[in-house]
Amino acid sequence: PPPTGASPGSGALNPFDRRLKRKQKNWAALQAEPAKCDYLREEVGGRIADRVFDITRTFPLALDVGSGRGYIAQHLTKETVEKLVQVDIAENALKNAVESEIPTVRVVADEEFLPFKENTFDLVVSSLRLPITKPCPVCALQIHQVLKPDGVFIGAMFGGDTLYELRCSLQLAELEREGGFSPHVSPFTAVADLGHLLSRAGFNTLTVDTDEIQVNYPGLFEVMEDLQGKYILYGNINVFNVFCMGESNCSWNRKPLLHRETMLAAAAIYQEMYGNSDGSVPATFQIYYMIGWKYHESQAKPAQRGSATVSFGDLAKIEGLLKRGKK
């Protein structure tokens, strides 16, 4: 069986507590109104499905890594994907999965330890669930391994500027009230590192693009209620998540409590620095979308260096040539 966690002493190698993450995901999946916190995954799942539709082929067997309740599957059709395997570390998420017209098999497994043979899937998708951080490139390696040659991986993950308004407000408030700050946010991957990680895993013909989704809230406490699925206005507030909506930050060096005075100061800073004219505050979610292919000899190859017949210096003459052609 795959390891479910690591000892605190191993935090330098693995910044995530996998056992805690599994408990958090199971807890989040049992909430009475999952759609209240899942709107972002629903939106990103639809955008990933659009990228699948852009590829003009039918995929006999696809894998959804960290599928949750099926945020991508509900947007796909059986004409595009003939059979789908959904994998998630939380069994409660799979039990409450949204129905899809695609024949589906659900497997409880850690996303970092995929229990599939090499060259199995024609398509692998993942929406906001991949821990592809600097210390954890193993996910990309395993996805590449389970893909068939000429198979494609399409995924999305939170970018480095996600919730920068909240992070800045908390850090300034902690510096002012407590003389220092500790991380309350799971680490994110920089876009420059993402392409490098995918390339190291063996993917080629890479495409990486970014998008931002901005959501307005009445204030900082509503932002945290949405992130954690739990709102405590007075007293201490437990650590919260920004890595996956409805779950909590699971870094080993997380700080267990935030003082009430610090939270009130952070709310005031948030409103002063980023507040909208109508009194609301924005929260920005940066999304990285990535597409990578597993090598196959039939794929198009770049031309050899020096084989070009047109110089880039001639591009400036194109407008004049077009005008001359019209005359």
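Student: In this predicted model, at what angle do helix α5 and helix α8 pack?

Tutor: Two packed helices are described by the angle between their axes and the distance between the axes. For helix α5 (residues 164–178) and helix α8 (residues 260–274), the axes lie 8 Å apart. The packing angle is about 130°.

Student: How many nonpolar, polar and charged residues form the contact of α5 with α8?

Tutor: From α5, the contact residues include Tyr-164, Leu-166, Leu-170 and Glu-174. On the α8 side, Met-263, Ala-266, Ile-269 and Tyr-270 are among them. Sorted by type, the residues of this contact are 13 nonpolar, 2 polar and 6 charged.

Student: What is the strand order of the open sheet, and which strands are at its edges?

Tutor: The sheet has 7 strands with mixed pairing. Its neighbouring strands are turned against each other by 15° on average, direction ignored. The order is β3-β2-β1-β4-β5-β9-β6. Strands that pair on one side only are the edge strands, here β3 and β6 (204–217).

Student: In which sense does β2 pair with β1 and with β3?

Tutor: Strands of a sheet pair through backbone hydrogen bonds, either parallel or antiparallel. β2 is joined to strand β1 (residues 62–65) over 4 bridges, with Ala-62 having Leu-84 as its bridge partner. To strand β3 (residues 104–108) there are 5 bridges, and Val-85 has Val-105 as its partner. β2 pairs with β1 in the parallel sense, and with β3 the sense is also parallel.

Student: Which residue in β4 is the bridge partner of Leu-63?

Tutor: β1 pairs with strand β4 (residues 121–127) in the parallel sense. This pairing has 3 bridges. Within it, the partner of Leu-63 is Val-124.

Student: How many residues of β2 are buried?

Tutor: In a regular strand the side chains alternate between the two faces of the sheet. In β2, Leu-84, Gln-86 and Asp-88 point one way, while Val-85 and Val-87 point the other way, and all are buried. For strand β2 (residues 84–88), the count is 5 of 5.

Student: Is Arg-106 buried, partly exposed or exposed?

Tutor: Arg-106 is placed in strand β3. Leaving out residues up to four places away in sequence, Arg-106 touches Gln-86, Leu-94, Ala-97 and Val-98. Its relative accessibility is 35%, and the cut-offs are under 20% for buried and over 50% for exposed. Arg-106 therefore counts as partly exposed.

Student: What distance separates the C-alpha atoms of Arg-106 and Ser-67?

Tutor: Arg-106 and Ser-67 are 39 residues apart along the chain. The separation of their C-alpha atoms is 9.2 Å.

Student: How many residues of β9 are buried?

Tutor: Val-281, Phe-285 and Trp-293 are among the residues on one side of β9, and Pro-282, Tyr-288 and Gly-292 are among those on the other. Both faces of β9 are covered. Strand β9 (residues 281–293) is largely enclosed by the rest of the structure because its buried residues number 13 of 13.

Student: How many bridges join β9 to β5 and to β6?

Tutor: Both pairings are antiparallel. In β9, Gly-292 is the bridge partner of Phe-153, and Ala-283 is the partner of Val-215. With β5 the count of bridges is 7, and with β6 it is 12.

Student: What is the phi of Asp-150, and is the residue buried or exposed?

Tutor: Asp-150 is found in strand β5 (residues 147–158). Its phi is positive, at about 70°, although Asp-150 is not a glycine. Its relative accessibility is 19%, so Asp-150 counts as buried.

Student: Where does Leu-163 lie, and what is its relative accessible area?

Tutor: Leu-163 lies in the loop between β5 and α5. Its phi is near 55°, a positive value in a residue other than glycine. Leu-163 is buried, and its relative accessible area is 0%.

Conventions. Residues numbered from 1 in each chain as written. Predicted model: local features only at pLDDT ≥ 70, side-chain atom pairs only at ≥ 80, totals over all residues. Heavy atoms only, no water. Axes fitted to C-alpha atoms, helices over the stretch in contact; angles between N-to-C directions. Helix = DSSP H or I, 4+ residues; strand = E, 2+ residues; numbered from the N terminus. Contact = heavy atoms within 4.5 Å. Nonpolar A, V, L, I, M, F, W, Y, C, P; charged D, E, K, R; others polar. Buried < 20%, exposed > 50% of the residue type's maximum accessible area, 1.4 Å probe, protein only. Pairing = 2+ DSSP bridges.
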